[in-house]
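Keep the structure open as you read.

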Amino acid sequence: MDIHEQICNWDNLRLAYQNASRGKRGRGATAEFESLLADNLLELEQELKEQTYQPGAYSNFYIHEPKKRLISAAPFRDRVVHHALCNITVPYFEKMFIADSYANRVGKGTHRAIDQCQKFARRYQYVLQCDVAQFFPSIDHEILRGTLKAMLPDESALWLVDRILASGRGVLAGEYDMKYFSGDDLLAVNRPRGLPIGNLTSQLWANCTLNPFDHFVRRELGCKAYVRYVDDFLLFGDDQKELMQWRDAILKRLERLRLTLHIGSAHPYPVTEGIPFLGFMIFPDHRRVKQRKGFAYRRKLRHLIQVAEQKTICASVQGWMNHVRYADTFHLCESMLGEAGLLHP
């Protein structure tokens, strides 16, 4: 079967529904879809087979932690389609991803990225820390489509990729500051761009977008110590001059993807100064939670204490402690437990 046929397969659609509804069953749009589950899945199956499927409109809202971001939530039936597509395509992408890309991948994640960062910090003297400016709003649809086409074994699902890409066109237009690259004319402003933050496909395709760049860093630059989490990445080395040369090469390479760096912060510095990465300050011999992360959770906890039941407060504190236990946080956790009234004498 080609990819399109695998996506439309009933068992895959059923699995896609189960994945999309995990933790949400019995609520809102999920419950409505589930009330006529067989009919809704049959309708999706037919639309996908006949290539008449059209995504619905997004619901948009802002979050403010860790920074202000526009989140776009697709209708539930579209989220089922996203899962159906990802179920089939992820195995092909995984074969091409490098080991040290850690975001939105099974067996990877934040804490393993932090572990690898600290291993490299113990081995090398300097780090070059970079992040892509306005990453999700900047992702160019034509370039991304070409990347996905090259990573998949056939082109049978590209029509669905096109529909999902088109559904997100303009969603992040207000979050993007136009940048012109070499060879652009005035019409470059009309290039379709942007992946809605919130889609499962956006998370996966963001990794695909930077996958050629990952291989460039490893193979062409020859960097042996590289960690990437979404659009934040670290290169380690013992020669500051070489790291600066790598930075200049990175800037040129990212231009091919119509992406840029936050150049002001992209300078090599000693690892002993501490590396701010994924909410932690990472040193060669210890880790700390970033101060603003501790303040932010303390504010949240104080609000919960005023409005929530003890069960909800306990669950929130437990989840937070499970995250920060990857740093040296004994006294911080003790303080938080005491404030929540959960520290027994």
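Glu220 and Arg253 form a salt bridge, with their closest N and O atoms 3.6 Å apart. Glu220 belongs to helix α10 (residues 200-220) and Arg253 to helix α11 (residues 240-256), so this pair ties together parts that are 33 residues apart in sequence. Please bear in mind that this is a predicted model.

The two partners sit in contrasting surroundings. Glu220 is exposed, with a relative accessible area of 54%, whereas Arg253 has 18% relative accessibility and counts as buried because the cut-off for that class is under 20%.

Strands β7, β8 and β9 make up an open sheet of 3 strands, in the order β7-β8-β9, and their pairing is antiparallel. At the edges stand β7 (275-277) and β9 (287-289); each has a single partner strand, so one side of each is left without a neighbour in the sheet. On average, neighbouring strands here are turned by 25° against each other, direction ignored.

Let's look at one of these pairings. β7 and strand β8 (residues 280-282) are joined in the antiparallel sense over 3 bridges. Which residue in β8 is the bridge partner of Ile275? It is Ile282.

Arg287 takes part in a salt bridge with Asp115, and the closest N and O atoms are 2.7 Å apart. Since Arg287 lies in strand β9 and Asp115 in helix α6 (residues 110-123), the pair ties together parts that are 172 residues apart in sequence. Arg287 counts as buried at 10% relative accessibility, while Asp115 is partly exposed, with a relative accessible area of 28%.

Glu45 counts as buried, at 14% relative accessibility.

Over the whole structure, a search finds 15 salt bridges. Salt bridges also link Asp140, Glu142, Asp184, Arg191 and Arg258 in a network.

## A buried threonine

Is Thr89 buried or exposed? Thr89, in helix α5 (residues 76-94), counts as buried at 3% relative accessibility. A polar atom of the Thr89 side chain lies 2.9 Å from the backbone oxygen of Leu85. Leaving aside residues up to four places away in sequence, Thr89 touches Ile3, Leu152 and Leu204.

Key:
Residues numbered from 1 in each chain as written. Predicted model: local features only at pLDDT ≥ 70, side-chain atom pairs only at ≥ 80, totals over all residues. Heavy atoms only, no water. Pairing = 2+ DSSP bridges. Helix = DSSP H or I, 4+ residues; strand = E, 2+ residues; numbered from the N terminus. Axes fitted to C-alpha atoms, helices over the stretch in contact; angles between N-to-C directions. Buried < 20%, exposed > 50% of the residue type's maximum accessible area, 1.4 Å probe, protein only. Polar contact = N/O pair within 3.5 Å; in protein donor to acceptor, adjacent residues only side chain to side chain. Contact = heavy atoms within 4.5 Å. Salt bridge = Lys/Arg side-chain N within 4 Å of Asp/Glu carboxyl O.
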